[in-house]
Amino acid sequence: MKEPLQPQAPDGEAQLSYAWPEEMQSKLGKALFQATHNAHLSPQFSDEKLAELLEAYPREKLGIYRFPTYENASGKAEHGCAPHLTGAEILKAVQTGKIWLNLRAVNREVPEYKALADTIFEDLRTASGVSTLKEDMGVLISSPNIHVHYHLDIPLVCLVQLRGEKEIIVYPAGDPYVSSDEISDLVLNLKDEQMHYDAAFDSAATVVEMSPGVAVTWPQTAPHRVQNGNSMNVSLSCEFMTPEAILKANALHTNAILRKKGWNVAAFPKKMSVVTLFKAGLARVLKKLIKTSVQSPVPISFELQADGQIRPLLEAA
Ligand SMILES: [Fe+2]
């Protein structure tokens with residue numbers, strides 16, 4: 001790991017930087033790597049600026065969620081809306097309530113965030129020597145003490161912590177931490193990202209303490225869960241692919257279809273072999289021939305109101 005960055009407030013985007021470890025060279029997406037950064041020193045993430053961001057972001061695209069408590073780890077997230085609140089009121093509700101906000105694709109929706117995303121991805125490419133594709137940056141703003149349940153993402157993820165503390169608990173990718181049936185159903189859009197959690201998995205987990213100035217990326221499809229500390233959290237969630245990650249995703253897709261057709265194949269490709277490359281190519285053909293289901297979004301079941309009050313909506317929107 002390189003020396004931590006000097007804590008100097010960036011005047012502009014050009015001074016934002018990330019210090020990734022040298023071992024990341026050519027291993028992006030294959031292991032867990034931590035970096036230090038100085039993005040959290042930017043005034044862009046003050047309460048006032050976050051409220052402005054929530055005003056500028058298209059309200060109909062704002063992801064508002066409530067999670068069951070950690071003890072009820074199998075419970076599903078509830079999806080909400082906030083059509084009548086100001087940005088400042090939404091932020092207040094997060095600070096005092098149990099709310100998780102996701103501003104997806106903020107780099108495309110809000111011009112000021114494009115340069116921020118470009119810096120992150122450029123630093124990842126430079127540090128790893130690997131191309132990044134399908135880049136997408138979201139802003140996550142979440143209440144104190146919230147727990148995000150055990151799940152996995154098909155794209156690679158780089159999480160950049162800006163405000164507050166939290167733990168991200170990352171598990172190895174593959175069996176037994178995720179079953180072949182579960183990953184197959186996920187890539188075929190037959191289920192959501194949440195996976196079956198067993199506390200016995202914890203002995204194999206890596207716990208990363210996230211505080212402002214820390215960034216982390218982990219292996220593709222590694223399941224993880226997140227426990228917020230006793231403070232509002234603000235993070236950037238940067239999703240992307242690499243050429244090898246696309247091959248793996250396509251091989252997962254082919255394996256999932258073969259398993260549904262009764263073939264006895266493991267869902268996770270073991271390594272990038274000729275067979276994996278063939279399966280990745282086959283996925284492009286199969287996707288055209290076999291229509292996979294399109295997962296419908298989680299219906300909106302509550303409205304967030306002033307002071308963080310929750311109004312249940314009886315009819316799904
Ligand atoms: Fe995730």
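Helices here are DSSP runs of H or I with at least four residues, strands are runs of E with at least two, and both are numbered from the N terminus. The expected span of a helix is 1.5 Å times one less than its number of residues.

Before we look around, two notes. This is a predicted model, where local features need pLDDT of at least 70, side-chain atom pairs count only at pLDDT 80 or more, and totals for chains, interfaces and linings use all residues. Residues are numbered from 1 along each chain as its sequence is written.

**Helix 4**

Let's start with helix 4, residues 112–128. At 1.5 Å a residue, its 17 residues should span 24 Å, and the end C-alpha atoms sit 26 Å apart, which agrees. Call a residue buried if 20 or more other C-beta atoms lie within 10 Å of its own, exposed if 12 or fewer do, and partly exposed in between, with C-beta atoms placed from the backbone. By that count, the buried residues of helix 4 are Tyr113, Leu116, Ala117, Ile120, Leu124, Ala127 and Ser128. They cover an arc of only 105° around the axis, which puts them on the same side of helix 4; the arc is that of the directions from the helix axis to the C-beta atoms. What do the buried residues of helix 4 pack against? Their neighbours are strand 1 (18–19), helix 3 (106–109), strand 6, strand 8 (156–163) and strand 13, where contact means that two C-beta atoms, placed from the backbone, lie within 7 Å. Just after helix 4 comes Gly129, with a positive phi of about 70°.

Helix 1 (residues 47–56) buries Leu50, Leu53 and Leu54. Seen down the axis, the buried residues of helix 1 fall within an arc of 95°, so they line one face of the helix. Over on the other side, Glu48 and Glu55 are exposed. The cover over the buried residues includes helix 2 (87–96), strand 6 (133–142) and strand 13 (233–241).

Helix 1 and helix 2 pack at an angle of about 120°, with their axes 7 Å apart. Axes are lines fitted to C-alpha atoms, for helices over the stretch in contact, and angles run from 0 to 180 degrees between N-to-C directions. On the helix 2 side, Gly87, Ala88, Ile90 and Leu91 meet residues of helix 1, including Asp47, Ala51 and Glu52.

**The sheets**

Two strands pair if DSSP finds at least two bridges between them.

Another open sheet has four strands in the order 7-12-9-10, with antiparallel pairing. Strand 7 (147–151) and strand 10 (206–210) stand at the edges with a single partner strand each, so one side of each is left without a neighbour in the sheet. On average, neighbouring strands of this sheet are turned by 15° against each other, direction ignored.

Here are some antiparallel pairs from these sheets:

| Strand | Partner strand | Bridges |
|---|---|---|
| strand 7 | strand 12 (residues 224–228) | three |
| strand 3 (residues 63–66) | strand 5 (residues 100–103) | three |
| strand 3 | strand 4 (residues 78–81) | three |
| strand 1 | strand 2 (residues 33–37) | two |

His147 stands opposite Gln227 in strand 12, while Ile64 has Leu101 in strand 5 as its bridge partner. Arg66 faces Glu78 in strand 4, and Ala19 is opposite Thr36 in strand 2.
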